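Subject: Structure handover

Hi,

Here is the structure I promised to pass on. Please open it before reading further.

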Amino acid sequence: MEKLRLLGLRYQEYVTRHPAATAQLETAVRGFSYLLAGRFADSHELSELVYSASNLLVLLNDGILRKELRKKLPVSMSQQKLLTWLSVLECVEVFMEIGAAKVWGEVGRWLVIALIQLAKETQVQPPDEHSHGSQEQSYVGKRSNRVVRTLQNTPSLHSRHWGAPQKQERREQQHQEELSITPTPLGLQETIAESLYIARPLLHLLSLGLWGQRSWKPWLLSGVVDVTSLSLLSDRKGLTRRERLELRRRTILLLYYLLRSPFYDRFSEARILFLLQLLADHVPGTGLVTRPLMDYLPAWQKIYFYNWG
């Protein structure tokens with residue numbers, strides 16, 4: 001145990017001293033997972049294991065750097081723990097789905113999917129407890145007008161930069177201000193919209209249990225819920241920048257319905273595979289990407305958390 005503790009401390013020191021090399025390591029591990037996909041038998045499971053490990057590695061390194069830089073999330077401690085566990089769950093949910101299907105079959109797979117969705121849906125977010133007061137990040141000399149950091153806000157030696165603090169801290173201040181902006185209050189219409197968005201995964205799972213995977217009803221029900229939620233929020237004025245970006249992200253995610261069964265099985269699959277084959281045959285070099293993608297796409301499309309999670 002002592003050796004493991006020392007190894008952990010050495011890794012933390014390496015991450016804080018070499019953040020650029022750490023980022024390259026994360027990219028390399030994630031890229032390796034892409035190279036494994038579709039290369040040999042059981043490569044999908046191994047690829048997902050490596051991909052999940054890369055996500056956990058990013059989460060671990062972010063926590064180490066945040067601790068070293070003395071940066072805290074603008075939420076309470078209970079919320080921080082909740083966000084951490086939800087992040088871990090999202091990192092491994094695909095691998096858990098694949099592993100459950102491999103060990104327990106389809107019944108076990110759907111049981112694990114339902115349990116994960118319930119765990120994600122039942123987490124009650126406490127109200128925001130953002131503190132709008134902040135300590136001064138720097139001090140301006142009365143006679144010299146030079147900007148000097150306060151001792152309370154001086155970073156550790158490994159993370160310190162010795163130039164003028166204005167530009168770096170202005171960027172950090174903008175980011176902190178963005179995080180600390182009070183969310184737009186929800187009226188009745190917005191509350192209904194958010195409730196629909198949160199409940200959509202469970203409604204889809206229930207409809208799959210009622211009508212089966214080949215029925216159009218779960219696909220249509222889920223689509224109607226998503227579109228209704230967006231339409232209820234689209235007319236809202238005075239949204240913050242982060243809220244506008246979230247609405248844009250949800251709008252773009254509607255394209256996933258083209259890759260979701262039964263629409264994918266009836267219309268999209270043949271056209272997408274034909275396009276990929278056309279690129280592989282007529283555009284030099286693209287076959288290195290499109291042929292493994294053609295092999296991996298059917299397996300990817302059947303993974304619930306990639307399509308519906």
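This is a predicted model: local features need pLDDT of at least 70, side-chain atom pairs count only at pLDDT 80 or more; totals for chains, interfaces and linings use all residues.

Thr22, Glu26, Ser33 and Leu36 of α2 are buried. They sit on the same side of α2, because they cover an arc of only 95° around the axis. Ala20, Gln24, Thr27, Tyr34 and Leu35 are exposed on the other side of α2.

What covers the buried residues? The cover includes α1 (2-17) and α3 (43-68).

Now the packing of α2 with α3. Their axes come within 7 Å and cross at roughly 165°. The two helices are therefore roughly antiparallel. The crossing of α2 and α3 is left-handed. On the α2 side, the residues that meet α3 include Thr22, Glu26, Val29, Phe32, Ser33 and Leu36. Their counterparts in α3 include Leu46, Val50, Tyr51, Leu57, Val58 and Leu65.

Last, Leu239. Leu239 lies in the loop between α7 (217-234) and α8 (241-252). Is Leu239 buried or exposed? Leu239 has a relative accessible area of 18%, so it counts as buried, the cut-off being under 20%. Leaving aside neighbours within four places in sequence, Leu239 is in contact with Thr184, Arg244 and Leu247. The C-alpha atoms of Leu239 and Pro185 are separated by 9.5 Å, and these residues are 54 apart along the chain.

Best wishes

Conventions. Residues are numbered from 1 along each chain as its sequence is written. Side-chain values use heavy atoms; hydrogens and water are left out. Buried means under 20% relative accessible area, exposed over 50%, partly exposed in between (1.4 Å probe, protein chains only). Helices (H or I, at least four residues) and strands (E, at least two) are DSSP runs, numbered from the N terminus. The arc is that of the directions from the helix axis to the C-beta atoms. Contact means heavy atoms within 4.5 Å. Axes are lines fitted to C-alpha atoms, for helices over the stretch in contact, and angles run from 0 to 180 degrees between N-to-C directions. Angles under 35 degrees count as roughly parallel, over 145 as roughly antiparallel, 65 to 115 as roughly perpendicular and the rest as oblique. A crossing is left-handed if the near helix is turned anticlockwise from the far one by less than a right angle, and right-handed if clockwise.
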